Amino acid sequence: MQYQFKWSVLWSGQSAGWLLQGLITTLELSALAWILAVCLGILAGALRTVTFAPLRAAAVFYVEFFRNVPLLVWMFFWYFGVPPLLPRVVQDWLFNHGAEFWAAVIALGVYTGARMSEVIRAGILSIPRTQFEASLAMGLTVGQAYRLIILPIALRLIVPPMTNESLNLLKNSSVALTISVAELTFQTRQVETYTAKAIEALTAGTLIYLVLCLGIATVMSRLERRFAIPGLIARVGAG
Amino acid sequence: MNGQAIEFKRVNKWFGKLHVLRDIDLSIASGEVVVVCGPSGSGKSTLIRCVNVLERIQQGDIVVLGQSVTVPGLNLAKLRTRVGMVFQQFNLFAHMTVLQNIMLAPMRVKRVSRDEAERTARALLERVGIPHRADSYPANLSGGQQQRVAIARALAMQPDVMLFDEPTSALDPEMINEVLEVMTDLARDGMTMMCVTHEMGFARRVAHRVIFMDEGQVIEQSEPEAFFAAPKSDRTKQFLSKILSH
């Protein structure tokens, strides 16, 4: 084997700065997309369970349209497809303010939101219908019943699958490199190109993703325990 | 309040092809305690659920506290604040404490202040005999305690009518009485009550009138004394012989 390991490339020169920049961009992109995804997911997931058929149909359309096209295509769509449709002034403004970043936030958020909405819908459907009836019977409106009873219970029940979706979102943010968002994978490639040390660069990228994902999983499992509904589900092994 | 609290006027309802309520004509006076009984599938739960419009009727009308439930654009939430309901499965909200369960509707619907809502809630817990469980979560209460909290929660809205849909059917035998006692007290205080129940002892002691339903129809109704001593229809006799024999 000819390969000469040289781990110092990671902290000499510009490498460390690039990786840090990439890490920050990945976190910003993922956080904004996550917020967008959760909002859309809750909205679409809840609407799919209401009695008014047109709202249900709109939610079904959103979910089936956005989850059934590859994320990569959505990245191209929001970056190359949408801006030309906007007024000239908006286009100019966008391309001076990181259009690729915002396109990636929307692509990732809207795509993941469609997936999350199915998780949220499953959570809502697992709550006995009589809970909803009890809420209405005491004078709450349908909106209040969802906001105060149905969603707070559903969201507590679906933390594990939502953790899955959140981890996927973070990892999927790497697809944004295809529309030249300088996120972590982009910067890892940059380090690799400049230093010609592929294994070192990719190891650094891999470890950073791993630590990020383990961090998220830890936070989510804390949340799960913190907000667990007393006595509702026996949590074997949950401390 | 005087006069009729609930009036059913030639009410008909279908679930698909199944005719579940047939030409129901019935009035319940203010302050009256009515027990509705009948075999499984007779439509008694559906009947009571139509009063606060958890089910919609297809023909006829129901007038609840002077308000017709078939008026288009009816403010359902407002009607329901005046009609309390207690369910077979308690339906307490598992993510809230007992106190929060009782305070929710007064604060969110009636816009009562937190302090006042809490004072009312604690007084009601006293009344149903479990003031010490205010900060417990529903899952940590016995069935009987949960149902008493559910009654307190319904009373917190100061309803004019209370509906009970088989309130003791999901309870272990030793817990049935504690719930019936609360209901008896409520009746003695003059609450208008419509109870779907198989507790014939309760019907005998507390009800002003017992209604027997079968196959979506009111077959017979009379004062408890007469109802149990001398039922008129054969179907009533048959039903009573089945549930009173042991």
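How many helices and how many strands make up the secondary structure of chain A? The points below start there. Keep in mind that this is a predicted model.

1. **Make-up of chain A.** Chain A has 10 helices and zero strands. Walk along its sequence and the pattern reads α-α-α-α-α-α-α-α-α-α.

2. **Dimensions and contacts of chain A.** Its C-alpha atoms fill a box of roughly 70 × 55 × 25 Å, taken along the principal axes. Chain A counts 239 residues, and 44% of them are buried. Now look at the contacts with a separation of 6 or more. In chain A, 77% of these come from residues 24 or more positions apart.

3. **Surface and charge of chain A.** The chain carries 17 positive side chains and 11 negative ones. The centres of these two sets lie 8 Å apart.

4. **The sheet in chain B.** Four strands of chain B form an open sheet. Their order is S2-S1-S4-S5, and the pairing is antiparallel. Which strands stand at the edges? They are S2 (18–29) and S5 (67–68) of chain B. Each has a single partner strand, so one side of each is left without a neighbour in the sheet. In general, strands of a sheet pair through backbone hydrogen bonds, in a parallel or an antiparallel way.

5. **One strand pair up close.** Take strand S1 of chain B, residues 4–15. Eight bridges join S1 to S2(B), and the two run antiparallel. For a place to look, find B:Ile6, which stands opposite B:Ile28 in S2(B).

6. **Cysteines.** Is B:Cys50 buried or exposed? B:Cys50 has a relative accessible area of 1%, so this residue is buried. A:Cys39 is at 49% relative accessibility, so A:Cys39 counts as partly exposed. The cut-off for exposed is over 50%.

7. B:Asp115 sits in helix H4 of chain B, residues 114–127. With a relative accessible area of 55%, B:Asp115 is exposed. Compare its position with that of B:Met103, 12 residues apart from B:Asp115 along the chain. The C-alpha atoms of the two are separated by 9.7 Å.

Methods:
Residues numbered from 1 in each chain as written. Chains lettered and ligands numbered in written order. Predicted model: local features only at pLDDT ≥ 70, side-chain atom pairs only at ≥ 80, totals over all residues. Heavy atoms only, no water. Buried < 20%, exposed > 50% of the residue type's maximum accessible area, 1.4 Å probe, protein only. Pairing = 2+ DSSP bridges. Contact = heavy atoms within 4.5 Å. Lys, Arg positive; Asp, Glu negative; His and termini not counted. Charge placed at Lys NZ, Arg CZ, Asp CG, Glu CD.
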